[in-house]
Amino acid sequence: MSFSIAELLAQHSEDKFELHEKHLNNQMVRVLKTIGYDRNYKRAVGQYLYDEQGNEYLDLLSGFGVFAIGRNHPTVISALQETLTLELPNLVQLDVSILSGLLAKEILTTTPENLEKMFFCNSGTEAVEAAIKFARYTTKRSKIVYCEHGYHGLTMGALSLNGEKIFREGFGPLLPDCIAIPFNDLAALEQALSNKDVAAFIVEPIQGKGVNLPDDNYLIEVERLCKKYGTLFVADEIQTGIGRTGKFWAIDHYGAKPDMILMSKALSGGFVPVGAVAMTQHIMDTVFNRMDRAVVHGSTFSKNNMAMAAGLAGLEVIKSENLVEQSATVGNDIIASLNALSTKYEFLKEARGKGSMIAIEFHAPKSLTLKAAWAMLEAANKGLFCQMITIPLFKDHRILTQVAGHGMNVVKLLPPLTLTQKDRDHIVNAFDQTIAATHQVPGTIWDLGKNLASHALKGKAGK
């Protein structure tokens with residue numbers, strides 16, 4: 001009897017949540033059921049998900065930015081199918097592969113000219129771990145500086161550079177010699193670097209948690225200060241890179257040239273985990289400086305043929321379909337259109353971002369009735385208002401979004417770069433209607449707010 005994934009899926013089509021409750025993270029199932037996101041998706045194409053009833057959902061989360069070219073792109077599927085049929089030698093280990101060399105060459109055509117070498121791994125957090133090690137060995141220093149509210153992954157080294165308390169709590173002691181400073185604060189950075197004992201400053205060009213933008217001169221000055229004090233400048237482009245912000249790399253908006261660029265997420269089109277570090281020749285030659293050090297850092301499954309083929313195909317899609325330009329055009333149009341709504345709605349503070357990395361921030365209104373309703377939610381749990389936006393967007397408009405981070409009133413959009421004008425209109429109209437509903441107090445959406453507040457208060461009482 002032949003093994004069939006299709007048959008397995010058919011046999012267990014109704015078992016998804018039960019399997020996770022029994023064998024995996026049951027708290028995630030509880031979250032989905034509480035907020036009404038417990039759908040059985042059966043199919044995915046481009047920027048759309050389809051449930052068992054055939055309902056179409058516009059996915060503005062894209063797997064936390066993984067599906068920049070949309071889900072199940074036929075070009076990448078074809079490349080992977082072809083790779084599987086070629087019977088290629090894979091992961092020989094005492095060998096080097098053609099596909100990894102080709103992908104490295106292709107990526108380096110997109111980076112600043114000072115970056116000449118690549119290291120492949122399996123994920124963004126592995127890229128961060130590699131950068132920590134490479135920086136320490138290259139500079140012979142131990143300290144790493146990172147930014148408050150930054151996010152760089154959840155393995156132990158990366159977690160040590162994580163600016164959000166909720167991710168770190170209870171997992172210590174973490175990596176020593178890691179120093180947090182405010183984002184977009186050059187004086188704080190210079191003070192942290194001034195003793196000339198910092199190996200690297202790692203920073204997201206645009207912070208993912210909240211979509212916090214830097215001043216126009218920030219990253220150029222970061223580059224200057226790092227050179228002045230002998231510190232390596234590491235740009236974490238795991239979320240911001242590969243067209244997300246309307247440039248291939250977010251640093252391209254600012255003209256900065258880091259010593260390393262970290263990448264992952266969109267690199268393989270969402271099919272095979274892959275991460276990478278682009279770096280200077282000096283860093284590569286320092287870390288791998290003798291034949292007996294050729295294997296001092298690596299990862300068993302990195303450079304596997306499927307990941308490399310997916311990466312090559314994904315980059316071809318981005319280039320041939322002009323998705324970087326499309327990200328800029330459609331994304332910036334969405335930001336401008338949502339900002340235009342701020343004159344209509346007291347709760348809406350602003351929309352911001354670059355390209356297809358978008359934040360919609362809400363704040364306390366001035367009207368007494370609205371202010372009292374806002375205060376009720378904030379007292380229950382800071383940032384709860386945004387759930388009153390994301391849940392109706394999903395239930396009423398079939399748009400999947402996320403809250404940008406813990407305790408913040410920011411909704412975040414990380415859509416595929418393939419959005420159409422029709423999608424743009426749907427997004428703006430859905431936000432318009434949803435935000436309008438929040439200004440009707442009392443109203444149906446505030447019944448949802450009261451339920452959310454009740455759940456939040458019960459959760460606090462149970463701690």
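Which element gives the most to the lining of the second largest cavity? Helix 7 does, with 3 residues.

The model is predicted, so local features need pLDDT of at least 70 and side-chain atom pairs count only at pLDDT 80 or more, while totals for chains, interfaces and linings use all residues. Residues are numbered from 1 along each chain as its sequence is written, and side-chain values use heavy atoms, without hydrogens and water.

**Cavities**

On a 1 Å grid over the protein atoms alone, a cavity is a set of points where a 1.4 Å probe fits but cannot get out; lining residues have an atom within 4 Å of a point. A volume is the space filled by probe spheres set on the points, which are joined across faces, edges and corners.

| Space | Volume |
|---|---|
| Largest cavity | about 70 Å³ |
| Second largest cavity | about 40 Å³ |
| Second largest pocket | about 990 Å³ |

Around the second largest cavity lie V128, A131, I132, I144, L161, A200, I202 and V234. Two or more of its lining residues come from each of helix 7 (124-139) and strand 7 (198-203); helices (H or I, at least four residues) and strands (E, at least two) are DSSP runs numbered from the N terminus. The lining comprises 8 nonpolar, no polar and no charged residues, where Ala, Val, Leu, Ile, Met, Phe, Trp, Tyr, Cys and Pro count as nonpolar, Asp, Glu, Lys and Arg as charged, and the others, Gly among them, as polar.

The largest cavity has 13 lining residues, with G65, Q239, G241, R244 and A266 nearest its centre. Its lining divides into 5 nonpolar, 5 polar and 3 charged residues.

**Second largest pocket**

A pocket is an open set of points with protein on both sides within 12 Å along at least five of seven lines. The second largest pocket is lined by 32 residues, and D95, V96, S97, S100 and K303 lie nearest its centre. Helix 6 supplies the largest share of this lining, 6 residues. The lining holds 17 nonpolar, 11 polar and 4 charged residues.

**Helix packing**

Helix 10 (residues 186-193) packs with helix 11 (residues 218-229) at an angle of about 15 degrees, their axes being 10 Å apart. Helix 10 is therefore roughly parallel to helix 11 (angles under 35 degrees). Axes are lines fitted to C-alpha atoms over the stretch in contact, and angles run from 0 to 180 degrees between N-to-C directions.

How values were computed. Parallel < 35°, antiparallel > 145°, perpendicular 65-115°, else oblique.
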